[in-house]
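Hi,

Here is the model for you to open on your side. My notes follow below it.

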Amino acid sequence: MKRLLLALSLAALIFSGVYGLAASLGVSTQTLGAGNTAVAACQSGTLTASYATLYDSTIPGYKVGVVTVSGLQAGCYSKAFKVELTSSSNASLGEVANTTPSSGTFFTADFTSSSVQAANVAGIHVTITG
């Protein structure tokens, strides 16, 4: 009986600690985390991404060069971005982070030094934050 009471007390202590930590997570309109706050997009239009390939004799084969993201609108100017290349199983093959330009409708991410094989790329994920 003592073991049962000890186990129930321990479980209640752990539950209250985890609940308290989860309740303290902050959420704002510019950051996505845990909670119930709407996260607004910096633009209403759709971004499109494409990439150029380069032959690399060390692979050997073609690798991803520069990824170009088009359709940028003014609401997303001068914000941090991350472009991630993924495989068919959604595993990350590489990523580049930088800042969007202060004008224009496109930006680029240079993957030439990362040697990501073009044949392995199944998806391009673009995230703009700030």
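Which residues does H125 touch, not counting those up to four places away in sequence? They are K82, V83, E84, T86 and N90, where contact means heavy atoms within 4.5 Å.

Before the rest, some housekeeping: this is a predicted model, so local features need pLDDT of at least 70, side-chain atom pairs count only at pLDDT 80 or more, and totals for chains, interfaces and linings use all residues. Residues are numbered from 1 along each chain as its sequence is written, and side-chain values use heavy atoms, with hydrogens and water left out.

Back to H125: its side chain makes a polar contact of 3.4 Å with the side chain of N90 (a pair of N or O atoms within 3.5 Å; within protein, one must be able to donate a hydrogen and the other to accept it, and residues adjacent in sequence count only if both atoms are side-chain atoms). H125 is partly exposed, at 32% relative accessible area (buried is under 20%, exposed over 50%, partly exposed in between, with a 1.4 Å probe and protein chains only). Its C-alpha atom sits 9.6 Å from that of S92, 33 residues away along the chain.

Strand β3 (residues 80-86) pairs with β4 over seven bridges, and F81 has N98 in β4 as its bridge partner.

Cheers

Methods
Pairing = 2+ DSSP bridges. Helix = DSSP H or I, 4+ residues; strand = E, 2+ residues; numbered from the N terminus.
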